[in-house]
Amino acid sequence: MKYVCPICGYVYDEKEGDPDNGIEPGTLWEDIPDDFECPLCGVAKDEFEEDTESEEEE
Ligand SMILES: [Zn+2]
């Protein structure tokens, strides 16, 4: 699953994680700390939206 910042469009992909911010690839959204913020604009984790338009099955 991917999660999208509603403000700047930053995409968090569970498969890729966010190594620059200490989140390893494969980390599920629910396992990310609640104080996670968008690395680009600082939006809170609970403001992110599920990216349901680009579901990928690999
Ligand atoms: Zn953002």
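In what order do the three strands of the open sheet stand, and is their pairing parallel or antiparallel?

Before looking, I noted that this is a predicted model, in which local features need pLDDT of at least 70 and side-chain atom pairs count only at pLDDT 80 or more, while totals for chains, interfaces and linings use all residues. I also noted that residues are numbered from 1 along each chain as its sequence is written, and that side-chain values use heavy atoms, with hydrogens and water left out.

**Sheet.** I read the order as β2-β1-β3, with antiparallel pairing; strands are DSSP runs of E of at least two residues, numbered from the N terminus, and two of them pair if DSSP finds at least two bridges between them. β2 (11-13) and β3 (49-50) each have a single partner strand and stand at the edges, so one side of each lacks a neighbour in the sheet. I then followed β1 (residues 2-4), which is joined to β2 by three antiparallel bridges, and found Tyr3 opposite Tyr12 of β2.

**Zinc site.** I looked up the donors, meaning N, O and S atoms within 2.8 Å of the metal (3.2 Å for Na, K and Ca), and found the SG atoms of Cys5, Cys8, Cys38 and Cys41 at 2.3 Å from the zinc ion. Their angles run from 103 to 116°, which makes the arrangement tetrahedral (four donors, all angles between 85 and 135 degrees). Cys5 lies in the loop between β1 and β2 and Cys41 in the loop between β2 and β3, so this pair ties together parts 36 residues apart in sequence.

**Accessibility.** I recorded Cys5 as buried at 2% relative accessibility and Cys41 as partly exposed at 36%, where buried means under 20% relative accessible area, exposed over 50% and partly exposed in between (1.4 Å probe, protein chains only).

Technical notes: Helix = DSSP H or I, 4+ residues; strand = E, 2+ residues; numbered from the N terminus. Tetrahedral: all angles 85-135°; square planar, octahedral: opposite > 155°, others 65-115°.
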